Amino acid sequence: MSTIKWGILATGGIAATFTEDLKLLPDAEVVAVGSRSAGSARAFADRYGIPRAHGSWAELAADPDVDIVYVATPHSAHYDAVTTCLNAGKAVLCEKPFTLDRVRAAELVDLARERGLFLMEAMWMRCNPAIRKLVELVREGVLGPVNTVHADFGISVSVGPDHRLRDPALGGGALLDLGVYPVSFAHMVLGAPEKVQSWARLTPEGVDENTGMLLGYPDGAVAMLSCGITAHSPVTASVSGPLGRIELPHLFFRPEAFTLYRTDGEPETFQVPFDGNGMNHEAVEAMRCLREGLLESPLVPWSSTLEVMGILDEVRAQVGVRFPGE
(Lines give C-alpha, C1' and ligand atoms only; values in the text may rest on other atoms or scores of the structure.)
Protein backbone atom coordinates (compact mmCIF):
# COMPACT_ATOMS: atom_id res chain seq x y z
CA MET A 1 0.00 0.00 0.00
CA SER A 2 2.24 2.79 -1.26
CA THR A 3 -0.45 5.42 -0.58
CA ILE A 4 -3.10 5.04 2.10
CA LYS A 5 -6.42 6.55 1.04
CA TRP A 6 -8.44 8.18 3.78
CA GLY A 7 -12.10 8.97 4.21
CA ILE A 8 -13.12 11.67 6.69
CA LEU A 9 -16.39 11.10 8.54
CA ALA A 10 -17.81 14.41 9.81
CA THR A 11 -16.84 17.97 8.95
CA GLY A 12 -16.24 19.82 12.21
CA GLY A 13 -13.14 21.49 13.59
CA ILE A 14 -11.29 18.32 14.57
CA ALA A 15 -11.93 16.83 11.12
CA ALA A 16 -10.44 19.94 9.57
CA THR A 17 -7.34 19.81 11.79
CA PHE A 18 -6.76 16.14 11.02
CA THR A 19 -7.21 16.69 7.29
CA GLU A 20 -4.69 19.53 7.37
CA ASP A 21 -2.17 17.26 9.08
CA LEU A 22 -2.77 14.43 6.61
CA LYS A 23 -1.66 16.78 3.86
CA LEU A 24 1.80 16.80 5.48
CA LEU A 25 2.19 13.08 4.78
CA PRO A 26 3.37 12.17 1.27
CA ASP A 27 1.98 8.63 1.57
CA ALA A 28 -1.52 9.71 2.64
CA GLU A 29 -4.34 10.93 0.44
CA VAL A 30 -7.81 12.12 1.44
CA VAL A 31 -10.12 10.80 -1.24
CA ALA A 32 -13.58 11.24 0.31
CA VAL A 33 -15.54 12.96 3.03
CA GLY A 34 -18.92 11.96 4.42
CA SER A 35 -21.52 13.77 6.48
CA ARG A 36 -25.19 13.47 7.29
CA SER A 37 -25.49 16.75 5.40
CA ALA A 38 -24.61 16.60 1.71
CA GLY A 39 -24.06 20.36 1.70
CA SER A 40 -21.63 20.19 4.60
CA ALA A 41 -19.72 17.34 2.93
CA ARG A 42 -19.49 19.26 -0.34
CA ALA A 43 -18.28 22.44 1.38
CA PHE A 44 -15.60 20.47 3.25
CA ALA A 45 -14.52 18.69 0.07
CA ASP A 46 -14.25 21.97 -1.79
CA ARG A 47 -12.26 23.54 1.03
CA TYR A 48 -9.63 20.78 1.05
CA GLY A 49 -9.69 19.64 -2.55
CA ILE A 50 -11.19 16.24 -1.74
CA PRO A 51 -12.46 14.39 -4.84
CA ARG A 52 -15.72 12.98 -3.46
CA ALA A 53 -18.33 14.21 -1.00
CA HIS A 54 -20.90 11.76 0.38
CA GLY A 55 -24.19 12.79 1.96
CA SER A 56 -24.28 9.90 4.44
CA TRP A 57 -21.95 7.82 6.57
CA ALA A 58 -23.02 4.67 4.76
CA GLU A 59 -22.06 6.12 1.38
CA LEU A 60 -18.62 7.04 2.67
CA ALA A 61 -18.15 3.59 4.21
CA ALA A 62 -19.12 1.98 0.90
CA ASP A 63 -16.64 4.03 -1.15
CA PRO A 64 -14.35 1.43 -2.77
CA ASP A 65 -11.34 3.78 -2.89
CA VAL A 66 -11.25 4.38 0.87
CA ASP A 67 -8.73 2.28 2.85
CA ILE A 68 -9.43 3.74 6.29
CA VAL A 69 -11.99 6.11 7.79
CA TYR A 70 -11.24 8.78 10.38
CA VAL A 71 -14.31 9.24 12.60
CA ALA A 72 -14.53 12.83 13.85
CA THR A 73 -18.10 13.09 15.11
CA PRO A 74 -18.99 14.10 18.69
CA HIS A 75 -18.30 11.11 20.91
CA SER A 76 -21.98 10.34 21.39
CA ALA A 77 -22.06 9.28 17.71
CA HIS A 78 -18.80 7.30 17.66
CA TYR A 79 -20.46 3.94 18.25
CA ASP A 80 -22.88 4.23 15.34
CA ALA A 81 -20.29 5.72 12.99
CA VAL A 82 -17.63 3.09 13.72
CA THR A 83 -20.18 0.27 13.47
CA THR A 84 -21.25 1.55 10.05
CA CYS A 85 -17.67 1.59 8.81
CA LEU A 86 -16.63 -1.78 10.23
CA ASN A 87 -19.73 -3.47 8.84
CA ALA A 88 -18.80 -2.04 5.44
CA GLY A 89 -15.33 -3.57 5.70
CA LYS A 90 -13.39 -0.38 6.45
CA ALA A 91 -10.52 0.09 8.90
CA VAL A 92 -11.19 2.90 11.39
CA LEU A 93 -9.34 5.52 13.38
CA CYS A 94 -11.92 6.90 15.83
CA GLU A 95 -11.60 10.07 17.87
CA LYS A 96 -11.37 9.98 21.64
CA PRO A 97 -13.12 9.18 23.86
CA PHE A 98 -13.78 5.96 21.98
CA THR A 99 -17.42 5.68 23.05
CA LEU A 100 -19.63 6.80 25.94
CA ASP A 101 -18.84 3.71 28.02
CA ARG A 102 -16.76 0.56 28.21
CA VAL A 103 -19.58 -1.78 27.15
CA ARG A 104 -19.99 -0.11 23.78
CA ALA A 105 -16.23 0.21 23.35
CA ALA A 106 -15.87 -3.53 23.90
CA GLU A 107 -18.59 -4.21 21.33
CA LEU A 108 -16.64 -2.24 18.72
CA VAL A 109 -13.43 -4.09 19.55
CA ASP A 110 -15.26 -7.42 19.25
CA LEU A 111 -16.70 -6.36 15.89
CA ALA A 112 -13.28 -5.33 14.57
CA ARG A 113 -11.78 -8.62 15.73
CA GLU A 114 -14.65 -10.59 14.16
CA ARG A 115 -14.31 -8.71 10.86
CA GLY A 116 -10.51 -8.84 10.88
CA LEU A 117 -10.25 -5.04 10.57
CA PHE A 118 -7.88 -2.48 12.03
CA LEU A 119 -9.41 -0.26 14.71
CA MET A 120 -7.70 2.37 16.82
CA GLU A 121 -8.74 5.13 19.19
CA ALA A 122 -7.32 8.45 18.01
CA MET A 123 -5.58 9.18 21.32
CA TRP A 124 -2.95 11.28 19.56
CA MET A 125 -1.09 11.90 22.83
CA ARG A 126 0.17 8.32 22.87
CA CYS A 127 1.64 8.75 19.37
CA ASN A 128 3.36 12.08 20.09
CA PRO A 129 7.18 11.76 19.70
CA ALA A 130 7.93 13.55 22.98
CA ILE A 131 5.42 11.41 24.88
CA ARG A 132 6.95 8.27 23.34
CA LYS A 133 10.38 9.45 24.49
CA LEU A 134 9.03 10.08 27.99
CA VAL A 135 7.60 6.56 28.15
CA GLU A 136 10.91 5.15 26.93
CA LEU A 137 12.84 6.95 29.67
CA VAL A 138 10.38 5.86 32.37
CA ARG A 139 10.60 2.24 31.25
CA GLU A 140 14.40 2.46 31.26
CA GLY A 141 14.18 3.40 34.94
CA VAL A 142 15.49 6.95 34.77
CA LEU A 143 13.09 7.92 37.59
CA GLY A 144 13.19 4.64 39.43
CA PRO A 145 9.80 3.12 40.29
CA VAL A 146 7.16 5.75 39.48
CA ASN A 147 5.19 6.69 42.57
CA THR A 148 3.32 9.86 41.58
CA VAL A 149 1.59 11.19 38.45
CA HIS A 150 -0.08 14.59 38.20
CA ALA A 151 -2.13 15.80 35.23
CA ASP A 152 -4.86 18.38 34.70
CA PHE A 153 -6.96 19.75 31.86
CA GLY A 154 -9.25 22.65 32.61
CA ILE A 155 -10.77 25.31 30.40
CA SER A 156 -13.22 28.13 31.08
CA VAL A 157 -16.25 28.16 28.82
CA SER A 158 -19.57 29.95 29.01
CA VAL A 159 -22.14 27.95 27.07
CA GLY A 160 -25.85 27.33 27.32
CA PRO A 161 -27.58 24.10 28.31
CA ASP A 162 -28.05 23.11 24.67
CA HIS A 163 -24.30 23.09 24.00
CA ARG A 164 -22.71 19.63 23.65
CA LEU A 165 -20.53 20.21 26.73
CA ARG A 166 -23.66 20.48 28.89
CA ASP A 167 -25.93 18.03 27.10
CA PRO A 168 -26.09 14.52 28.63
CA ALA A 169 -27.48 13.13 25.37
CA LEU A 170 -24.23 14.18 23.68
CA GLY A 171 -21.97 12.77 26.39
CA GLY A 172 -21.45 16.23 27.85
CA GLY A 173 -19.27 17.24 30.76
CA ALA A 174 -15.58 17.76 31.37
CA LEU A 175 -14.69 14.13 32.00
CA LEU A 176 -15.16 12.57 28.57
CA ASP A 177 -14.12 15.64 26.62
CA LEU A 178 -11.06 16.69 28.66
CA GLY A 179 -10.55 14.26 31.52
CA VAL A 180 -9.80 11.44 29.11
CA TYR A 181 -6.36 13.02 28.59
CA PRO A 182 -5.17 13.01 32.23
CA VAL A 183 -6.65 9.55 32.73
CA SER A 184 -4.96 8.21 29.59
CA PHE A 185 -1.68 9.81 30.62
CA ALA A 186 -1.78 8.16 34.04
CA HIS A 187 -2.76 4.84 32.48
CA MET A 188 0.09 5.10 29.98
CA VAL A 189 2.59 5.42 32.82
CA LEU A 190 1.06 3.30 35.57
CA GLY A 191 -1.50 1.04 33.91
CA ALA A 192 -4.92 0.23 35.33
CA PRO A 193 -5.46 1.34 38.94
CA GLU A 194 -6.61 -0.82 41.80
CA LYS A 195 -8.82 1.90 43.26
CA VAL A 196 -10.56 5.01 41.93
CA GLN A 197 -11.86 7.87 44.05
CA SER A 198 -13.49 10.91 42.51
CA TRP A 199 -15.43 14.07 43.25
CA ALA A 200 -17.29 16.47 40.99
CA ARG A 201 -19.62 19.44 40.80
CA LEU A 202 -22.44 18.85 38.34
CA THR A 203 -24.31 21.26 36.10
CA PRO A 204 -28.11 21.59 36.37
CA GLU A 205 -28.26 19.24 33.36
CA GLY A 206 -26.39 16.56 35.30
CA VAL A 207 -22.95 16.52 33.69
CA ASP A 208 -19.67 17.19 35.48
CA GLU A 209 -18.15 20.67 35.27
CA ASN A 210 -15.29 20.33 37.77
CA THR A 211 -13.86 16.91 38.59
CA GLY A 212 -11.02 15.51 40.66
CA MET A 213 -9.75 11.93 40.52
CA LEU A 214 -7.35 9.92 42.65
CA LEU A 215 -6.14 6.62 41.23
CA GLY A 216 -4.44 4.14 43.53
CA TYR A 217 -2.14 1.29 42.53
CA PRO A 218 -1.12 -1.95 44.27
CA ASP A 219 2.49 -0.82 44.73
CA GLY A 220 1.43 2.40 46.46
CA ALA A 221 1.72 4.69 43.45
CA VAL A 222 -0.94 7.37 43.02
CA ALA A 223 -2.21 9.54 40.19
CA MET A 224 -3.83 12.87 41.02
CA LEU A 225 -5.90 14.11 38.10
CA SER A 226 -8.42 16.87 37.41
CA CYS A 227 -10.53 18.31 34.62
CA GLY A 228 -13.07 21.05 34.31
CA ILE A 229 -14.91 23.53 32.13
CA THR A 230 -15.14 26.35 34.70
CA ALA A 231 -11.52 27.59 34.96
CA HIS A 232 -8.30 27.59 32.97
CA SER A 233 -5.88 25.22 34.65
CA PRO A 234 -2.15 24.88 33.81
CA VAL A 235 -2.85 21.81 31.60
CA THR A 236 0.46 20.31 32.64
CA ALA A 237 1.62 16.88 33.77
CA SER A 238 4.46 15.34 35.75
CA VAL A 239 5.80 11.90 36.57
CA SER A 240 7.89 11.40 39.72
CA GLY A 241 10.03 8.68 41.26
CA PRO A 242 12.88 8.41 43.78
CA LEU A 243 15.52 9.31 41.15
CA GLY A 244 13.79 12.37 39.74
CA ARG A 245 10.77 13.74 37.94
CA ILE A 246 9.70 14.63 34.40
CA GLU A 247 7.64 17.76 33.82
CA LEU A 248 5.52 18.38 30.73
CA PRO A 249 4.59 22.00 29.90
CA HIS A 250 1.26 23.58 29.04
CA LEU A 251 -0.77 21.39 26.67
CA PHE A 252 0.99 18.33 28.03
CA PHE A 253 -0.87 16.06 25.61
CA ARG A 254 0.90 17.49 22.54
CA PRO A 255 4.35 18.53 23.79
CA GLU A 256 7.37 19.38 21.70
CA ALA A 257 9.67 19.25 24.73
CA PHE A 258 9.86 18.12 28.35
CA THR A 259 12.35 18.43 31.19
CA LEU A 260 13.93 15.70 33.29
CA TYR A 261 14.95 16.79 36.79
CA ARG A 262 17.36 14.23 38.26
CA THR A 263 17.67 14.00 42.03
CA ASP A 264 21.46 13.95 41.77
CA GLY A 265 22.11 15.92 38.58
CA GLU A 266 21.36 18.90 36.41
CA PRO A 267 18.01 19.28 34.60
CA GLU A 268 17.91 18.02 31.03
CA THR A 269 15.42 19.25 28.46
CA PHE A 270 14.47 16.98 25.60
CA GLN A 271 13.39 18.79 22.43
CA VAL A 272 11.16 16.76 20.10
CA PRO A 273 9.63 19.26 17.64
CA PHE A 274 7.14 18.30 14.95
CA ASP A 275 5.37 19.81 11.97
CA GLY A 276 1.70 20.66 11.82
CA ASN A 277 -0.81 20.33 14.63
CA GLY A 278 0.50 17.01 15.93
CA MET A 279 -2.31 14.78 14.70
CA ASN A 280 -0.19 13.43 11.87
CA HIS A 281 1.59 11.07 14.27
CA GLU A 282 -1.54 9.02 14.92
CA ALA A 283 -2.16 8.86 11.17
CA VAL A 284 1.40 7.60 10.60
CA GLU A 285 0.87 4.91 13.23
CA ALA A 286 -2.47 3.83 11.76
CA MET A 287 -0.96 3.58 8.28
CA ARG A 288 2.00 1.59 9.61
CA CYS A 289 -0.39 -0.88 11.21
CA LEU A 290 -2.42 -1.19 8.00
CA ARG A 291 0.69 -1.95 5.98
CA GLU A 292 1.82 -4.56 8.49
CA GLY A 293 -1.60 -6.19 8.65
CA LEU A 294 -2.15 -5.41 12.34
CA LEU A 295 -5.64 -5.20 13.81
CA GLU A 296 -4.58 -2.96 16.68
CA SER A 297 -1.76 -0.54 17.41
CA PRO A 298 0.83 -1.35 20.08
CA LEU A 299 0.91 2.37 20.91
CA VAL A 300 -2.87 2.56 21.46
CA PRO A 301 -3.90 -1.06 22.06
CA TRP A 302 -7.49 -2.13 22.53
CA SER A 303 -6.75 -3.13 26.13
CA SER A 304 -5.68 0.43 27.01
CA THR A 305 -8.75 1.95 25.37
CA LEU A 306 -11.04 -0.43 27.27
CA GLU A 307 -9.28 0.07 30.61
CA VAL A 308 -9.43 3.86 30.26
CA MET A 309 -13.12 3.67 29.37
CA GLY A 310 -13.61 1.52 32.48
CA ILE A 311 -11.98 4.19 34.65
CA LEU A 312 -14.19 6.88 33.12
CA ASP A 313 -17.24 4.69 33.78
CA GLU A 314 -16.24 4.31 37.44
CA VAL A 315 -15.72 8.06 37.85
CA ARG A 316 -19.11 8.81 36.32
CA ALA A 317 -20.75 6.28 38.60
CA GLN A 318 -19.13 7.81 41.68
CA VAL A 319 -20.02 11.42 40.85
CA GLY A 320 -23.51 10.64 39.59
CA VAL A 321 -23.30 11.38 35.88
CA ARG A 322 -25.76 9.31 33.86
CA PHE A 323 -26.33 9.43 30.14
CA PRO A 324 -29.73 8.71 28.54
CA GLY A 325 -30.44 4.98 28.39
CA GLU A 326 -28.20 4.08 31.32
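A search of the whole structure finds 0 disulfides, a disulfide being a pair of cysteine sulfur atoms within 2.5 Å. The model is predicted, so local features need pLDDT of at least 70 and side-chain atom pairs count only at pLDDT 80 or more, while totals for chains, interfaces and linings use all residues. Residues are numbered from 1 along each chain as its sequence is written, and side-chain values use heavy atoms, with hydrogens and water left out.

**Cysteines**

- The closest cysteine sulfur to that of Cys227 is in Cys94, 20 Å away, which is too far for a bond.
- Cys289 is in no disulfide either, as the nearest cysteine sulfur, that of Cys127, lies 8.5 Å away.
- Cys227 is buried, with a relative accessible area of 3%; buried means under 20%, exposed over 50% and partly exposed in between (1.4 Å probe, protein chains only).
- Cys289 is buried too, with a relative accessible area of 0%.

**Helices α7 and α9**

- Helix α7 (residues 174-190) packs with helix α9 (residues 302-319) at an angle of about 125°, and their axes are 10 Å apart. Helices are DSSP runs (H or I, at least four residues), numbered from the N terminus. Axes are lines fitted to C-alpha atoms over the stretch in contact, and angles run from 0 to 180 degrees between N-to-C directions.
- The two helices α7 and α9 are therefore oblique to each other (under 35 degrees is roughly parallel, over 145 roughly antiparallel, 65 to 115 roughly perpendicular, the rest oblique).
- Contact (heavy atoms within 4.5 Å) involves residues including Leu175 and His187 of α7, and Ser304 and Arg316 of α9.
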